[in-house]
Each structure stands twice: as C-alpha cells, then as structure tokens.
Amino acid sequence: MTADLDHDALQALLDRLSKDAPRCFNEGKVADYIPALGEVDPNHFGIAVCHVDARVQYAGDALTRFSIQSIVKVHALVLAMQRLAPDDIWSRVGREPSGQAFNSMVQLEVERGVPRNPFINAGALLVTDLLVSRIVSTQYTLREHLRRLSGSDDVGFDERVARSEMDHKARNAALAYLMKAYGNLDADVETVLDTYFHGCSVAMNCVEMARSVAFLANRGVNPLDGSRVVSPVETRQLNALLLTCGLYDAAGDFAWRVGLPGKSGVGGGIIAILPGRMSICVWSPRLDGYGNSIAGRHALEGLVEGIGFSPL
Ligand code: DON
C-alpha cells in the first residue's frame, strides 16, 4: 500500500485519463437494442470520484447525465436489504456469479426459476418483485432513495427511455414470466417490468452516481449527510457481490484488470469502489461485446495503476 495521492495529483490523473479516453473511441458501439439509448453521442467520457469525506473530484463530461441502466440494480438491492429480512431475499435469489450474459435465459430454466444473483436481469427483476410486493409506490420510493443517496433532488426517470424499454421488453418479459411459472415471482409481471424499466431509465451524471454509492466505500455510511445506509457487514457483502457478479460474464476479467468491486450498465456507466477511500463513476457509451464500457474500463485500470493501491 502506498500513500494516498494528494488532491492535485489525483486531479492531474483524472484529467490525463479524460484526455487519453478518445484513444478508445475507434472501438465498440453504443447499445442500440433499446432504441432510445442508441441516440446518445458515443464519444463522451466522464469520470468522478467521491472521497469518504464527501469531497468530489472529476474530469471530462462528468456533469452530463446518462442512462444509469443496470447500475440501478445496486440501489434496488440496497433498498430491498433495508426493508426485508435477509431470508426473504436470499431464499429467492442466489449469490453466485452466473458466467452468462446479463440477459441470458438458459441458466434460469435449468435452475428452476431461481436467478443466480441480483445483478443479472432475472435477479434484478426478482428484487423488483420483492419491492413492488411490499412497497406501495416503489417507483417513487426508488427515486427518493436515489435522490437522497446522490444529494441531487432533481434526479429522475427518463420516460422516453422507460417507454422504449417497455416497447422492446420481450426478453425481460420472458425471464419474468419464466420465474412466475416456477412460482418465484409474486406480483403482476407487467408491473414488475414497468418498475424495473423505470429504474434502468434514471438519468444521473458521474458526480451524482459516485456520490450515490460512496457509502460502499465508507462502511455503509453516506458521507454526504452521515446517515447509515447499510451495516458494515452488509457493505462487505454488497462489495463481495459487486466483485464477483457486477460485470456478468466479464466479472473475472474486470477483477483481473481493475481489482475493485464494480457494476456496469449498458448506458456506458461503470461504478467501482475503493473501500475505505473513494467511490468512482466512469461513463463512456461505447460498449464491448459483454455490454461494458470500453473507455470506462480502460480508465479504471489507469486510475488504479495511478493511485498505486488495490484492496486485493
Ligand atoms: O434489462 C435491460 O436490458 C436494461 N434495461 C439493463 C441492462 C444493462 O444495463 C445490463 N448491463 N450491462
């Protein structure tokens, strides 16, 4: 372990990563299986860190909002952990890496409707079911949860993206109905899908996103307002899940290259956690074949190398 970079050295590193990002702009493509996502300018890059004392540093397009997509699966799981007993969650969804694409159906059939983990689509739909079955207005509650965690009171849904996802829902609907057929989904499937898509459609920028997950670097306490989000044990459990399952069938490669708990979304965002120090959010819309941001992952490798510290 080396000493922390001071403020100016870290800022210089973030600026350099942002300046170097266009080197990745000849690779990958924007997710277009949800048409509204395909309209984004592919050549954005933003990066932000939120220290455990709540200071924020950023570079590039870190103040431009993007579709957070699957990153919301982390916030949704946290909401479920706050509201439900552990058994009510973990009797319905596993905690093992899937080794499969985020929207794969194969394993769900073989494993009789029990998703491998809460971060693949089937698992996130299951967590959404847990929430809508217990909370009267899940969409409102999730939005308030994101506003509180990020410290931004105008974070909200992008209705166009949510509608576009609903119009192209076939695969997620198939996952949800398969779980329903196995008796592992309680609520009305269309309500679960609508709520899940609204969560995915939330627009946030890198600074807001880094703030919203800073509690994961801070033993479960949100550094913005000192409130406890989850316990230290739950923080460790969440980070373990992020490390093993956060990047789907690329989780091993991400751990190899970056060595931090992380979560990606097909909007091009990736969050990563440096426990005890900072949360990070990078965003760049060009994706690799696994649905993960190419420039984002590259920048995280550079950040970890530049900081000279890894928890692993
Ligand atoms: O379920 C979907 O297809 C999207 N709303 C979310 C997928 C996603 O972000 C996967 N992550 N890399």
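Me: In which loop is the place of tyrosine 248?
Reply: Keep in mind that this is a predicted model. Tyrosine 248 is one of the residues UniProt lists for "binding site" in an unreviewed entry. Its place is in the loop between helix 11 (232-245) and helix 12 (251-257).

Me: Is tyrosine 248 buried or exposed?
Reply: Count the other C-beta atoms within 10 Å of tyrosine 248 and you get 25.

Me: What is the phi of arginine 112 near?
Reply: Most residues other than glycine have a negative phi. Arginine 112 is not a glycine, yet its phi is positive. Tyrosine 248 also has a positive phi, near 55 degrees. For arginine 112 the value is near 50 degrees.

Me: Where does the ligand lie relative to domain 1 and domain 2?
Reply: Domain 1 takes in 7-67 + 204-307, and domain 2 takes in 70-201. The shell around the ligand includes Asn121 and Glu165, along with Ser264 and Gly291.

Me: How many residues of the shell around the ligand are charged?
Reply: Among the residues around the ligand are Gln69, Phe102, Asn103, Glu165 and Cys200. The shell divides into three nonpolar and eight polar residues, plus the charged part. Glu counts as charged, and Glu165 is in the shell. The charged count is one.

Me: Is serine 70 buried or exposed?
Reply: Serine 70 lies in the loop between strand 3 (66-67) and helix 2 (72-83). Leaving aside neighbours within four places in sequence, its contacts include Phe102, Cys200 and Val266. With 25 C-beta neighbours inside 10 Å, serine 70 counts as buried.

Me: Between which strands is the loop where valine 266 lies?
Reply: Valine 266 is in UniProt's "binding site" list (unreviewed entry), and it is also one of the residues around the ligand. It has 23 C-beta neighbours inside 10 Å, so valine 266 counts as buried. Not counting residues up to four places away in sequence, it touches Ala31, Leu37, Gln69, Ser70, Leu287 and Gly291. Its loop runs between strand 5 (262-264) and strand 6 (269-274).

Notes:
Residues numbered from 1 in each chain as written. Predicted model: local features only at pLDDT ≥ 70, side-chain atom pairs only at ≥ 80, totals over all residues. Near = placed C-beta within 6 Å. Domains from an automatic or database assignment. Helix = DSSP H or I, 4+ residues; strand = E, 2+ residues; numbered from the N terminus. Buried ≥ 20, exposed ≤ 12 C-beta atoms within 10 Å, placed from the backbone. UniProt positions renumbered as here; feature names shortened; annotations may be inferred. Contact = placed C-beta atoms within 7 Å.
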